[in-house]
Amino acid sequence: MMVVTALLSWFLVGLFVRMSRARGWGQRVRQDGPQTHLVKEGTPTAGGVPFVLALSVVFLPLYLTGNAGGPRELVVWLTALAMGVIGGVDDLLKIRSRMTGKGRSELLAREKFPLQFLVGLVFAYFAAPLASHELVPGFGPVGDVILLTLVMVGSVNAFNFTDGLDGLLGGVAIIVLLPLLALSPVSALLVAALLGFLWFNAHPARVFMGDMGSHAIGAIAAGAYVLYADVWLLPIAAIIPVAAVLSVVIQVASFKLRGKRVFKMSPIQHHFEHKDIGWPETHVTMRFWMVSAVATALVWWLLGGRP
């Protein structure tokens, strides 16, 4: 079914690209970002919508017929959909703002975070009893629920901050999920859907992922590692998303407290693109993939080399 998912994703993303170009659903490029990105102005965004749809269209019939795992898979898929909807609202606001020239261009942090925490809390409530062992010794189920809520919200935002370069997030996500392909059908289908998406997102990108895709990826990565591996292995495999979100936190904190920036730009992938560093976009993407591959290989070894 991975082949079916990849082909369906490829078809739906291609159709979405054509529709987006016909209707002018392009994305604004931040003027304070890397100057090499200015040529991307107007590139269709929200490409995560069709590949999440492709994943869901294949997964749901498989699950209903008993061929896509048990309750763990349902919990991960529903969480990904819920997080994806939050990101999808953000995508919709961006597109509408660019099309009309007015209105809000994104969800505010004070609106987005409570929604993410709510979804994360629901996930944690159902996931904690399904975990193979107590995650926070000495704190019981309450400690596990708090931890898993934070892990889910943190993962969604970390993977979201990793987006921004052609092919970067899609490639990183595929690598991070490789150790779990034989264990989690949702993870396997996401990898297949991302292959179809990357056909159009490879440099120079014909479509950007948008927040729906990055939110769903972060949710599936967190859910799969929590329920099938070890929650503490996720930040190792996802070293690039962790670095991306930490670079943003450090940058904001440093500027507010000291009036100085630590990085040329944040998230960290844009730091390496800055003219003072000078890595081409494709070099940043490839090197971040390589770092992810080494980190994920370590996770695979820590898991005993099992699939």
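This note sets out, point by point, the main features of a predicted model.

1. Basis of the model. The model is predicted, and local features are reported at pLDDT of at least 70, side-chain atom pairs count only at pLDDT 80 or more, and totals for chains, interfaces and linings use all residues. Residues are numbered from 1 along each chain as its sequence is written, and side-chain values use heavy atoms, with hydrogens and water left out.

2. An unreviewed UniProt entry gives the feature "transmembrane region" at residues 46-65, 74-93, 113-130, 142-161, 167-200, 207-228, 234-255 and 284-303. UniProt positions follow the numbering used here, feature names are shortened, and annotations may be inferred rather than shown by experiment. Residues 142-161 are 100% helix and 0% strand, with end C-alpha atoms 29 Å apart. For residues 113-130 the figures are 83% helix and 0% strand, with 25 Å between the end C-alpha atoms. Helices (H or I, at least four residues) and strands (E, at least two) are DSSP runs, numbered from the N terminus.

3. The nonpolar core. The largest nonpolar core has 79 residues, and Phe51, Leu148, Ile217 and Tyr225 touch the most other members. Helix 8 (residues 210-228) supplies the largest share of this core, 12 residues. Such a core is a set of buried Ala, Val, Leu, Ile, Met, Phe, Trp, Tyr and Cys residues joined through side-chain atoms within 4.5 Å. Buried means under 20% relative accessible area, exposed over 50%, and partly exposed in between (1.4 Å probe, protein chains only). Apart from neighbours within four places in sequence, Leu148 is in contact with Phe123, Ala124, Ala127, Ala128, Leu135, Val226 and Val231; contact means heavy atoms within 4.5 Å.

4. The annotated binding site. Which residues does UniProt list for "binding site"? The unreviewed entry lists Asn160 and Asp211. These residues span 52 residues in sequence, yet no two of their C-alpha atoms are more than 6.6 Å apart, so they gather at one spot. Asn160 lies in helix 5 (residues 140-162) and Asp211 in helix 8. Asn160 is buried, at 15% relative accessible area, and Asp211 is buried at 7% relative accessibility.

5. Surroundings of the site residues. With neighbours within four places in sequence set aside, Asn160 is in contact with Asp211, Ser214 and His215.

6. Trp10, Phe11, Leu15, Met19 and Trp199 form a nonpolar patch on the surface, with about 530 Å² of accessible area together. Accessible areas come from the Shrake-Rupley method with a 1.4 Å probe, and for residues only the protein chains shown count as cover. Patches are made of residues with over 30% relative accessible area and no salt bridge, like charges being joined within 9 Å and nonpolar side chains (Val, Leu, Ile, Met, Phe, Trp, Tyr) within 5 Å. A salt bridge is a side-chain nitrogen of Lys or Arg within 4 Å of a carboxyl oxygen of Asp or Glu. Helix 1 (residues 2-23) gives the most to the patch, with 4 residues. Trp199 belongs to helix 7 (residues 185-201) and is exposed, at 61% relative accessibility.

7. Is Ser9 buried or exposed? Ser9, which lies in helix 1, counts as buried because its relative accessibility is 0%. Not counting residues up to four places away in sequence, Ser9 touches Phe51, Ala54, Ala193, Gly196 and Phe197.

8. Helix 6 and Leu78. All of helix 6 (residues 168-177) is buried, 10 of the 10 residues, so it is largely enclosed by the rest of the structure. Among its buried residues are Leu168, Gly170, Val172 and Ile174. Leu78, in helix 3 (residues 71-100), is partly exposed, with a relative accessible area of 43%.

9. Backbone details. A cis peptide bond joins His203 and Pro204, with omega about -5°; Pro204 is found in the loop between helix 7 and helix 8. Another cis peptide bond joins Ser266 and Pro267, with omega about 0°, and Pro267 is in the loop between helix 10 (239-258) and helix 11 (268-273). Ala46 has a positive phi of about 65° although it is not a glycine. Ala46 lies in the loop between helix 1 and helix 2 (48-64) and is buried, at 3% relative accessibility.
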